[in-house]
Amino acid sequence: MLIAQITDLHIRMPGQKAYRVVETDRYLPPAIKALNALAPAPDVVIISGDLTDFGRPAEYHYLRDMLAALRMPYYLMPGNHDAREQLRESFPEHGYLRQGGAFTQYTVEHLPLRLIMLDTVVPMQSHGMLCDERLAWLEARLLEAPDRPTVIAMHHPPFKTGIAHMDRIGLLQGADALETLVRRHANIERIICGHLHRSIFQRFGATLASTCPSPAHQVVLDLRPEGPAAFNLEPPAYHLHHWRDGRLLTHHAYIGEYPGPYPFHENGELIDD
């Protein structure tokens with residue numbers, strides 16, 4: 001089973017630039033093209049938040065039109081740049097977006113890996129949190145299927161990354177409680193997140209937590225405590241999570257066209273000329 005993860009699309013309208021630099025809508029079609037070209041094809045695509053830049057109706061409608069080109073099912077999650085109710089209204093056919101009551105959180109049950117989408121959003125704020133209600137919902141979902149291998153997807157990662165300006169708007173409440181909860185459930189294969197616009201991995205409880213790069217701009221890798229809030233245009237990328245033989249591994253894959261592929265061998269011999 002293959003799960004493709006893209007995140008932090010920050011879609012704006014044609015000709016509009018995020019932070020006066022990035023025409024984010026121009027980056028999503030190449031990402032969709034890359035996912036559609038994969039062989040074997042992903043079973044599902046998870047889009048883990050910051051779908052739009054300002055949560056505006058026009059941005060969601062534009063995003064929906066672009067995502068229609070995906071050849072595989074996709075599941076949406078809100079990030080801190082999103083508006084829950086507008087997301088639901090703009091994607092009415094995605095009924096799962098209303099499963100979680102006030103929160104946009106739900107489960108996906110029909111795949112070999114069970115998916116639990118957990119809402120970390122604080123409306124109108126950049127940071128995230130997990131309140132008692134959301135943690136109780138997660139525990140209840142885990143207790144429903146204690147023997148099924150499970151992936152939890154959330155926008156804000158539950159760990160400090162060392163990128164100071166992002167940690168200041170990270171998961172500011174509930175991370176310790178989440179880690180305690182996760183330790184009680186050995187069937188959690190991975191916690192996959194967005195928000196950081198980079199590939200980052202850390203052991204968390206009895207599992208591994210990761211963040212995914214963006215198909216548009218990336219957060220600068222700056223581990224100085226006083227490092228400024230900044231981004232760059234490193235190559236766009238995504239994660240491809242491969243579940244096989246009872247194990248989950250992850251590939252960091254770049255989006256775009258690059259020279260190659262070139263062979264290593266010719267006539268059964270390593271090329272040496």
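At what angle do the axes of helix 4 and helix 6 cross, and within what distance do they come? In this predicted model, the axes of helix 4 (residues 132-144) and helix 6 (residues 175-183) cross at roughly 10° and come within 11 Å. Angles under 35 degrees count as roughly parallel, and helix 4 and helix 6 are therefore roughly parallel to each other. Helix 4 contributes Leu135, Leu138, Glu139 and Leu142 to the contact, where they meet Ala177, Leu178 and Leu181 of helix 6. By class, the residues of this contact between helix 4 and helix 6 comprise six nonpolar, no polar and one charged.

The axes of helix 1 (residues 28-37) and helix 2 (residues 57-67) come within 10 Å, with a crossing angle of roughly 30°. Helix 1 and helix 2 are therefore also roughly parallel to each other. The crossing of helix 1 past helix 2 is right-handed. On the helix 1 side the contact is made by Leu28, Pro29 and Ile32, and on the helix 2 side by Leu63, Met66 and Leu67. Six nonpolar residues make up the contact of helix 1 with helix 2, with no polar and no charged residues.

The largest pocket has a volume of about 310 Å³. Its lining consists of 17 residues, which divide into seven nonpolar, eight polar and two charged. Of the lining residues, Tyr19, His165, Met166, His197 and Val219 lie nearest the centre of the largest pocket.

How values were computed: Residues numbered from 1 in each chain as written. Predicted model: local features only at pLDDT ≥ 70, side-chain atom pairs only at ≥ 80, totals over all residues. Heavy atoms only, no water. Axes fitted to C-alpha atoms, helices over the stretch in contact; angles between N-to-C directions. Helix = DSSP H or I, 4+ residues; strand = E, 2+ residues; numbered from the N terminus. Parallel < 35°, antiparallel > 145°, perpendicular 65-115°, else oblique. Left-handed = near helix turned anticlockwise from the far one by under 90°. Contact = heavy atoms within 4.5 Å. Nonpolar A, V, L, I, M, F, W, Y, C, P; charged D, E, K, R; others polar. 1 Å grid on protein atoms, 1.4 Å probe; cavity = no way out; pocket = protein on both sides within 12 Å on 5 of 7 lines; lining within 4 Å. Points joined across faces, edges and corners; volume = space filled by probe spheres on them.
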